[in-house]
Amino acid sequence: MPPKAALKLKQTTGAGGKGKGLRPVRDDDDGATHTEAGDQGDDWMQPKSLLKPEDQLELSEAELKEEFTRILTANNPHAPQNIVRYSFKEKQYKQISSVDQLAVHFTLDGNMLHKESDEARRQQARLEGHAEVTSSKKYRKGHSEPAASELGEPAEGSGAAEGEGAAEKPAEGAAEARDDGATPAPAKPEKLTNQFNFSERASQTYNNPYRERGTATEPPPRLNFSANVSQWEIFDAYQEDFAKQEKNKEKKVVPGRKEEDTKKKKLTAVEAQGDDISKIAKSAKIIERMVNQNTYDDIAQDFKYWEDVSDEYREQEGTLLPLWKFSYERAKKLAVTSICFSPRYKDLFAVGHGSYDFLKQTRGMVLFYTLKNPSYPEFIFSTESGVMCLDIHPEHPYLVAVGFYDGSVGVYNLTENQNAPVYLSTAKNGKHTDPVWQVRWQKDDLDNNLNFFSISSDGRVVAWTLVKNELEYYDVLKLTLEGAAQDGPDGVQLFSLGCGTCFDFHKDTDYLFLVGTEEGKLHKCSKAYSSQFLDTIDAHHMAVYKVAWNPYHPKIFITCSADWTVKIWDHNIKEPMFTFDLNSSVGDVAWAPYSSTIFAAVTADGKVHVYDLNVNKYEAICEQAVVAKKKTKLTHIGFNPSHPIIMVGDDRGYVTSLKLSPNLRKMPKAKKGQQIEQGPEVEIAKLDKILSLVREPEPAKKA
């Protein structure tokens, strides 16, 4: 019997195609058994090949090298920005300001143990025991087959019969078949190596316990209401609401005073406790004036003592000496729209600031300056609309009436520490619809209530009365244009209204006043007649900017206009007595308070013109430019009631004080042995003497 063929171990590949093993291979030539090693050595010596997914894109080298810049920001572009929540506190939907910008791209839950902990040691021991068991099983499996072959072979030299050998051949074939079938058993597929060098880590952290808090709120009360509304019900509702408002106003009058008293007491208590500048306000103001007097000592000396000696050598000419220049930082870009001296305090004057350009209307200011402190205003009032005019009450100098660009009028009280006016007209109580160009205080009415008049471009002359906490008004006059009536759709005649620009009341005749219009006309009016004029004069070709009665003569008044002229009139004669052409638009004119024949005017070319009819009836005795820049326009002028100075305002917010030289304030010289006659009669006679030279002689009466 030939010996059994030995098994030859052949190299086999696993299911993955990577791992290579050894298997027994039979050698038929010599019957010896040997093993064949792999052709390429061990696995770790072999190079690793990349396994690409089937759906991976094939990119060229240029596409692979192309860079794509990505800017990472903390904001989530997909986060909603318009989330709203209902707020029960405010009873409305409110937009949430903070939005969650967190976006989760990857999460991995894992666990990690410290290697020296008990749990880690137990796991390590368990893993080591499992490795020993698997290695012993592999060892047993490798050595079981050779042992079985050795046990299955018969001993050599045995005297067995050939029949037995023939019977064993099929058995040996079955054994070989069984061995061949058991040898190529598929091995476990090995895990693919990670192409990205990724190492898996896990950790276990402490999870904070969650707490939920909730509140239940009561829903806001709701009520469904429905009704049919008619015109009568709407009217009744408005009447009830108006009656309630009137009652509330009446109730607030007395309690308001009590509250103010309590507030004043509290303020005085607080002031008494702590150090406050108000305690030394008067002393600080005196020191400030003393410092300013030292600073402007040379100007103060000129104001008090300087006289132009050169006037002795020229009889019909005079000069103006510039003194202080008043300005405020916040009012430099606003034009000077009005100048008014206080009737009681001769050094105090008010200045209104606004704008004559309707395209540049912003705000306004009312400033009070004193000659004792030219560096800073005494009182400052800011207004929302531009100030167009103002007037100080002759008997109550702490009350100032102001007209605004938006058509409203107001009254400020200097004794109250508040920036807002104590009285202000609104659309409810008849404010003007156009800018208010002039306001003027009048004598108290029969009920001893303070009142003033205003004129506006809307064609109305309105009288305002201060009653309790309100302004009551009535229209004194409406400036209708003659021959301008038009037929309306229903056949009703519609009258166009003229634009009033200025007015002035007679000093003696209380009911008589003059009105100047933008059309150049001059109306003589009466307070008793609201529907017609006493007389109308075609005074100028352009807008009349100022009309003023002579402070001494009851029949003479003066006007100035944008047509470059200044005219002097007798109110009984429709032709002007004197006409002066100043070669530029005349913004303002004013009579001198010390003489009936002297007046001054300012023009848009920056010059001041001073006339004395008693010296020269044809030309100005002083024509002087008082502004540094050529484009600066002079807007208003005012004489100080006691000192020989004038105040001039321009469109850049500056007010310049000028001292009149001796020739501009000439007094009649006393003759030897005679006293100088003074008084209004002398001034009237002096002016009548000049006017008699230009008046036409009255026709002689027939016998």
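The entries below go from confidence to strands, then to contacts, salt bridges and the surface.

**Entry: ground rules**

I am working with a predicted model, in which local features need pLDDT of at least 70, side-chain atom pairs count only at pLDDT 80 or more, and totals for chains, interfaces and linings use all residues. I number residues from 1 along each chain as its sequence is written, and my side-chain values use heavy atoms, with hydrogens and water left out.

**Entry: confidence**

I began with pLDDT, the predictor's confidence in each residue, from 0 to 100. The chain averages 77, and 75% of the residues score at least 70. I took helices (H or I, at least four residues) and strands (E, at least two) as DSSP runs, numbered from the N terminus. In the chain, confidence is lowest in strand β1 (residues 12-13), with a mean of 42, and highest in strand β13 (residues 399-404), with 92.

I also noted two stretches where pLDDT stays under 50. For residues 1-41 the model has 69 contacts beyond four places in sequence, and for residues 146-182 it has six such contacts. Contact here means heavy atoms within 4.5 Å.

**Entry: strand β10**

Is strand β10 buried or exposed? I used buried for under 20% relative accessible area, exposed for over 50% and partly exposed for in between, with a 1.4 Å probe and protein chains only. Seven of the seven residues of β10 (residues 364-370) are buried, so the strand is largely enclosed by the rest of the structure.

In a regular strand the side chains alternate between the two faces of the sheet. I therefore listed both faces of β10: Gly364, Val366, Phe368 and Thr370 are buried on one side, and Met365, Leu367 and Tyr369 are buried on the other.

Next I looked up the partners of β10, counting two strands as paired if DSSP finds at least two bridges between them. Strand β9 (residues 348-354) pairs with β10 in the antiparallel sense over six bridges, and Gly352 stands opposite Val366. On strand β11 (residues 379-383), the antiparallel pairing with β10 runs over five bridges, with Phe379 opposite Phe368.

**Entry: contacts across the sequence**

I picked Phe578, in strand β29, which is buried at 7% relative accessibility. Beyond four places in sequence, the contacts of Phe578 include Val566, Leu613, Ile690 and Val694.

Then I checked Arg695, in the segment after α7 (680-691). Arg695 is partly exposed at 28%. Its contacts outside four places in sequence are Ile556, Asp570, Met577 and Asp688.

**Entry: salt bridges**

Side chains of opposite charge can pair when their charged atoms come close. I counted a salt bridge when a side-chain nitrogen of Lys or Arg is within 4 Å of a carboxyl oxygen of Asp or Glu. How many salt bridges does the whole structure hold? The search finds 17.

One of them joins Lys249 and Glu470 at 3.5 Å, N to O. Lys249 lies in helix α4 (residues 231-273) and Glu470 in strand β19 (residues 470-478), so the pair ties together parts 221 residues apart in sequence. Lys249 is partly exposed at 45%, and Glu470 is partly exposed at 37%.

Another joins Asp458 and Arg460 at 3.6 Å. Here Asp458 is buried at 11% and Arg460 is buried at 12%.

**Entry: positive phi in two loops**

Most residues other than glycine have a negative phi, and most peptide bonds are trans. I noted Lys91, whose phi is near 60°. Lys91 sits in the loop between β5 (84-87) and β6 (92-95) and is exposed at 53%. Asn583 has a phi near 65°. The place of Asn583 is the loop between β29 (578-581) and β30 (586-591), where it is exposed at 56%.
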